[in-house]
Amino acid sequence: MGAVRRRQNQGVARHCRHSQALRDEERRPPQSDLKDAIGWTALGIAIVIGSVTMDRLERQNINPYTAPGLLPGLLGLVMILLGVVLFIRSIERGAFKSAALPSTALEREERKRVGIATLLCLGYSVVLVGHGIPFWLASTIYVTASILIFRRMSGYEAERKFSARSLVSALVIGAAASVITFIVFEKLFLVRLP
């Protein structure tokens, strides 16, 4: 009976935290959306420029629909479009009319998570991939580390604790994700991975 009541209390606490996060999101200042819009649009533009300048492999009679850079270019265009929509929404909400509010705890937590995700991605792309480590191993390390780090940052006490089970779970997910990615790119898209 006590265990059931504890689980119910944990569920109520989780619901309260989720409701608070939604209320914080509704109070999010439009200046924050404006900054995000500018960042996403700039990133989308950089991706489109990078995809356009990639070698199209015409000399090798590559089908234009399978050329490198096509999918990243499309994703970059979508990022630009969504960045512009977010920019317009932030202006409609008064991004230029009202003074910026001090950042909330939720915004600081978001910035911290984005910073950590960025560092993990840079570590993966600059340090692990292309420096002698097989792609599948580098990807397994990256995905496993990401899962463990973000699980540690989780708001749920049960997920914060490292255990053999959580380590094995993260490792299995990391290995599965890297093997599936390797197979899809090598066999389906015929892209040689490092």
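Modeller: Some ground rules: residues count from 1 along each chain as its sequence is written, and side-chain values use heavy atoms, leaving out hydrogens and water. The model is predicted, so local features need pLDDT of at least 70 and side-chain atom pairs count only at pLDDT 80 or more, while totals for chains, interfaces and linings use all residues.

Biologist: Are helices α2 and α3 roughly parallel or roughly antiparallel?

Modeller: Helices here are DSSP runs of H or I, at least four residues, numbered from the N terminus. Helix α2 covers residues 30-52 and helix α3 residues 70-92, and they pack at an angle of about 160 degrees with axes 7 Å apart. Angles over 145 degrees count as roughly antiparallel and those under 35 as roughly parallel. So α2 and α3 are roughly antiparallel.

Biologist: How many residues of the contact of α2 with α3 are nonpolar?

Modeller: Nonpolar takes in Ala, Val, Leu, Ile, Met, Phe, Trp, Tyr, Cys and Pro; Asp, Glu, Lys and Arg are charged, and the others, Gly among them, polar. The contact has three charged residues and seven polar ones. The nonpolar count is 16.

Biologist: How far apart in sequence are R89 and D33?

Modeller: R89 and D33 form a salt bridge (a side-chain nitrogen of Lys or Arg within 4 Å of a carboxyl oxygen of Asp or Glu), with the closest N and O atoms 2.6 Å apart. R89 lies in helix α3 and D33 in helix α2, so the pair ties together parts separated in sequence by 56 residues.

Biologist: Is D33 buried or exposed?

Modeller: Buried means under 20% relative accessible area, exposed over 50%, and partly exposed in between, using a 1.4 Å probe and protein chains only. R89 is partly exposed at 39%. D33 has 3% relative accessibility, so D33 counts as buried.

Biologist: Where does R93 lie?

Modeller: The side chains of R93 and D33 meet in a salt bridge, 2.9 Å from N to O. This pair links distant parts of the chain, 60 residues apart, with D33 in helix α2 and R93 in the loop between α3 and α4.

Biologist: Which helix holds both R113 and E109?

Modeller: R113 forms a salt bridge with E109, the closest N and O atoms being 3.3 Å apart. Both are partly exposed, R113 at 28% and E109 at 29%. They sit four residues apart, so about one helical turn separates them in helix α4.

Key:
Axes are lines fitted to C-alpha atoms, for helices over the stretch in contact, and angles run from 0 to 180 degrees between N-to-C directions. Helices (H or I, at least four residues) and strands (E, at least two) are DSSP runs, numbered from the N terminus. Angles under 35 degrees count as roughly parallel, over 145 as roughly antiparallel, 65 to 115 as roughly perpendicular and the rest as oblique.
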